[in-house]
Amino acid sequence: MTERALRLGTRRSRLAMAQSGQVAQAVRQLTGRPVELVEITTYGDTSREHLAQIGGTGVFVAALREALAAGEVDFAVHSLKDLPTTQPDELLLAAVPRREDPRDVLVARDGLTFDRLPDGARVGTGSPRRMAQLNAYARAHHTHIQTVPIRGNIDTRIGYVRSGELDAVVLAAAGLNRCGRSDEVTDFLSVDFVLPAPGQGALAIECTADDADLAALLARLDDPATRAAVTAERSLLAALEAGCSAPVGALADLLGDGQAFTEMRLRGVVGTIDGSTLVQLSTTGPVPTSHGDAIALGRELASEMLAKGAAGLMGERAH
């Protein structure tokens, strides 16, 4: 008798299907069990409003979580940066696989890099975090860009550049890599001037907390270094009391001597959308050996940022 196929809940976008397909393949290889994708439409996929207006955090996640709770799917795959920072008791974050490239990238007309964009260039992004940092970077280099709020899938966004409506758009490197479209990138934006969203480039695999057998299987896909990094980043976000539509960037990376990782550095930024004010700080500590250590690192940096005035910058939204 063959084992029942595991049902993996996924959003319907091409990127979500690519991500979920990669996880499904990994689970098949690990378990020998068949895995079928169950496509679920979320409010974030159907609404035409800007993410900041429809609640930001969780709009892509709620329908998948409802399907899990109702037993319609066995596990679900999310982009980690879409997950709210509070985890419901009945669901388990069973695995955070090894992270893809966390950076943001530019896809610009005529192969332009960011520093070669013309003065007043129209740059599309739906993210207040990206707007704040791109505008600050342009200011620091005595140039001016116009950030234009957009949303939609990868094709839609790149389409604005191809049609000449925008000079460039900013996207996550991980999404383009997973869709096999990294050749369209014209510039990789250094994390030294644009910090990614907390958890960017990482996936979250969720199942119900009472499915111990499946949780144990999925746990084999977990990458401890990635989990520690994204836990610190999301702890910072939670401590700043910000959802995914707030202008917060964060990145934790492991530092070492070439032989072993000895420290984790966490960098955080919050800013006004026009880039006129940024609070950007970093902290370095021992590599977290527990969930609590990683959380503490994020909270520590958040309290330093709040002391430097970060709270006053959190209320902004992209209009």
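This is a predicted model: local features need pLDDT of at least 70, side-chain atom pairs count only at pLDDT 80 or more; totals for chains, interfaces and linings use all residues.
Residues are numbered from 1 along each chain as its sequence is written, and side-chain values use heavy atoms, with hydrogens and water left out.

Strand 4 and strand 10 (residues 203–208) run antiparallel to each other and are joined by four bridges; two strands are taken as paired if DSSP finds at least two bridges between them. Strands (E, at least two residues) and helices (H or I, at least four) are DSSP runs, numbered from the N terminus. Four of the five residues of strand 4 (residues 91–95) are buried, so this strand is largely enclosed by the rest of the structure, where buried means under 20% relative accessible area with a 1.4 Å probe, counting protein chains only.

The strands are arranged in the order 2-1-3-10-4, forming an open sheet of five strands with mixed pairing. Strand 2 (35–39) and strand 4 stand at the edges, and each has a single partner strand, so one side of each is left without a neighbour in the sheet. From one strand to the next, the twist averages 35 degrees.

Helix 1 (residues 14–31) packs on this sheet, touching strand 1, strand 2, strand 3 and strand 10, and its direction makes about 160 degrees with that of strand 2. Such angles run from 0 to 180 degrees between N-to-C directions, with axes fitted to C-alpha atoms, for helices over the stretch in contact.

## Helix 3 and its cover

Within helix 3 (residues 62–69), the residues Ala-63, Leu-64, Arg-65, Ala-67 and Leu-68 are buried. The cover over the buried residues of helix 3 includes strand 1 (6–10), strand 3 (75–79), strand 4 and strand 10, contact being defined by heavy atoms within 4.5 Å. After helix 3 comes Gly-71, which has a positive phi, near 75 degrees.

## The protein as a whole

The secondary structure comprises nine helices and 13 strands, and buried residues make up 53% of the 319 residues in the protein. Among contacts with a separation of 6 or more, 72% are between residues 24 or more positions apart.

Key: Buried means under 20% relative accessible area, exposed over 50%, partly exposed in between (1.4 Å probe, protein chains only).
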